[in-house]
Amino acid sequence: MKREEEAERKAPDPVRALERYGDMVYRIALLHMKNQSDAEDVFQDVFLRLVRYAETIEGEEHLKHWLIRVTVNCCKKQFASSYRRRTVPMDREDRAELSYEMPLGEGSVWETVGRLPESYRDVIHLFYYEQYSVREIGEILELTEGAVKTRLSRARDMLREQLEGER
């Protein structure tokens with residue numbers, strides 16, 4: 001029993017965390033940043049922070065919550081940076097990149113979720129893409145269960161309106 005508790009409290013291995021949660025962190029970053037290069041910057045920043053602060057993390061569940069919270073915070077930090085405020089986005093054709101990912105064209109559900117306001121986008125992503133319960137989302141985002149349910153309901157309504165309007 002003591003070994004299990006010690007193993008649970010041991011600082012996480014960043015390489016193992018990268019293998020296990022890397023896709024989740026990248027999806028969250030891509031959802032917020034809306035382009036691959038910025039999402040990759042956030043991804044790298046999150047795992048560098050994990051290396052730096054690994055000793056403060058207590059257990060596997062805390063690690064997952066920590067990674068989500070840090071990813072969201074890094075995205076917010078990117079948007080607030082003075083460099084980003086002084087840049088002008090390029091046209092879509094100019095920034096097209098070679099990608100081996102599934103194409104997510106205009107009007108896809110992923111694109112529509114990405115256009116939601118951040119507070120709604122986060123709960124939709126955590127609920128549907130990461131399979132968290134309402135209670136867990138509340139803990140991660142520091143909201144009450146009622147607030148999470150309200151945001152999910154409003155986000156679903158917004159998605160329905162936007163997707164029906166595209167038909």
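1. Phenylalanine 47 is buried, at 10% relative accessibility. Here buried means under 20% relative accessible area, exposed means over 50%, and partly exposed lies in between (1.4 Å probe, protein chains only). The model is predicted: local features need pLDDT of at least 70, side-chain atom pairs count only at pLDDT 80 or more, and totals for chains, interfaces and linings use all residues. Residues are numbered from 1 along each chain as its sequence is written, and side-chain values use heavy atoms, with hydrogens and water left out.

2. The count of aromatic pairs is three. Rings of Phe, Tyr and Trp (its six-membered ring) pair if their centres lie within 6.5 Å; planes under 30 degrees apart are stacked, over 60 edge-to-face, and the rest tilted. One of the pairs joins tyrosine 26 and phenylalanine 43, edge-to-face, with 6.4 Å centre to centre and 80° between the planes. This pair links distant parts of the chain: tyrosine 26 sits in helix H2 and phenylalanine 43 in helix H3 (residues 36-53), 17 residues apart. Helices are DSSP runs (H or I, at least four residues), numbered from the N terminus. Tyrosine 26 is buried at 17% relative accessibility. Phenylalanine 43 is partly exposed at 22%.

3. Phenylalanine 43 also pairs with phenylalanine 47; the pair is tilted, at 5.0 Å centre to centre and 55° between the planes. The two are four residues apart in helix H3, so about one helical turn separates them. Tyr26, Phe43 and Phe47 form one aromatic cluster.

4. Next, the helix packing. The axes of H2 (residues 14-33) and H4 (residues 60-80) come within 10 Å and cross at roughly 35°. Axes are lines fitted to C-alpha atoms, for helices over the stretch in contact, and angles run from 0 to 180 degrees between N-to-C directions. The crossing is right-handed, meaning that the near helix is turned clockwise from the far one by less than a right angle.

5. Which residues make the contact of H2 with H4? Among them are Tyr21, Met24, Val25 and Ile28 of H2, and Leu67, Ile68, Val72 and Cys75 of H4. Contact means heavy atoms within 4.5 Å. By class, there are 13 nonpolar, three polar and four charged residues.

6. Finally, the cysteines. There are zero disulfides, a disulfide being a pair of cysteine sulfur atoms within 2.5 Å. The sulfur of cysteine 74 has its closest cysteine sulfur in cysteine 75, 7.1 Å away, so it is too far for a bond. Cysteine 74 is buried at 4% relative accessibility, and cysteine 75 is buried with a relative accessible area of 0%.

Methods. Ala, Val, Leu, Ile, Met, Phe, Trp, Tyr, Cys and Pro count as nonpolar, Asp, Glu, Lys and Arg as charged, and the others, Gly among them, as polar.
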